[in-house]
Each structure stands twice: as structure tokens, then as C-alpha cells.
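Here's a quick look at the charged side-chain pairs in this one. Have the sequence and the model open while you read.

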Amino acid sequence: MLNALEAASRIETIDNWPPYDIVKSGEDEYRIAMAVAGFSQDELTITQEQNMLFVSGQKANAEDVQYLHRGIAGRSFQRRFELADHVKVVGTNGLLTIDLKREIPDAMKPRQIAISTDMALPKAETKQIEADKQAA
């Protein structure tokens, strides 16, 4: 799972914005944290299609805003993350924190087989060979 998420960071791109972290928060739980300051919840879109997670931001048109200093980037973006099998988005919060959890279907999990005593092999019967007894 972590390798698939890190694959997104290995792809060389000119635009490396917005910055993000990938954190392993449990055995099968991960978190993607993205610094998307300046974007409201309505301006962000999170979509999962099969094993791909898409996060995009589109700023609404600002009405006659006069900035004295503009240090927060407001450009549109789209990030994609390749997810491992059976991973789903389980929540988002904060600046933009995406919680992920791997849920392996029960049919694919190892199962323990109980040892039953009902099917034990029958005890071998002791056979006695009868011989004629001769009087001495």
C-alpha cells in the first residue's frame, strides 16, 4: 500500500504543488496530508476511481480583491495517487487530511481450520485367532 502511494512522488513532474505528506498511521491505515491553504471545502474535489485517488482544487473567481501581499498560491491543481487493492477513503478533515484504510475481503483473509474429534479414525479392533486347544 505504502509503495503504491509513494509511486506518486517518484514520478518526475514540473509542478510539485501542493506539497503533501504520506504517513502510516496503523498496520493497514495511512494518511495523506496536503497543504491546500486558501482553498475552501467547496473548491476541493476528492474522487476515487478503482485504484486511483484524485484530489483537485479550483479557486472560485475572486471579486475585485486587492492584495497588498499574496503569499498563498491560488492556482488550480490536480494530484493523483495510485492506491493498492482494497483501499478506500475513510475520511477527510483539517487542511486536507485524507484517511485511508485497507479492507481485505473476508474471502481473501487466511482462516483457521478447527481440528475436529468427530472424524477421528475408528479404533482398530483386536482380532484374536482362535486355535484349537489340545489337552495334554
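This is a predicted model: local features need pLDDT of at least 70, side-chain atom pairs count only at pLDDT 80 or more; totals for chains, interfaces and linings use all residues.

Residues are numbered from 1 along each chain as its sequence is written, and side-chain values use heavy atoms, with hydrogens and water left out.

Counting a salt bridge as a side-chain nitrogen of Lys or Arg within 4 Å of a carboxyl oxygen of Asp or Glu, the model has five. Among them are these:

| Pair | N to O distance |
|---|---|
| D99 and R31 | 2.5 Å |
| E43 and K59 | 3.4 Å |
| K88 and E103 | 3.5 Å |

Start with D99 and R31, which meet in a salt bridge. D99 is in strand β7 (residues 97–102) and R31 in strand β2 (residues 29–34), so the bridge ties together parts 68 residues apart in sequence. Strands here are DSSP runs of E, at least two residues, numbered from the N terminus. D99 is buried at 17% relative accessibility, while R31 is partly exposed at 33%. For those words, buried means under 20% relative accessible area, exposed over 50%, and partly exposed in between (1.4 Å probe, protein chains only).

Next up, E43 bridges to K59. E43 lies in the loop between β2 and β3 (44–49), K59 in the loop between β4 (52–57) and β5 (77–82), so parts 16 residues apart get tied together. E43 is buried at 14%; K59 is partly exposed at 26%.

Conventions
Helices (H or I, at least four residues) and strands (E, at least two) are DSSP runs, numbered from the N terminus.
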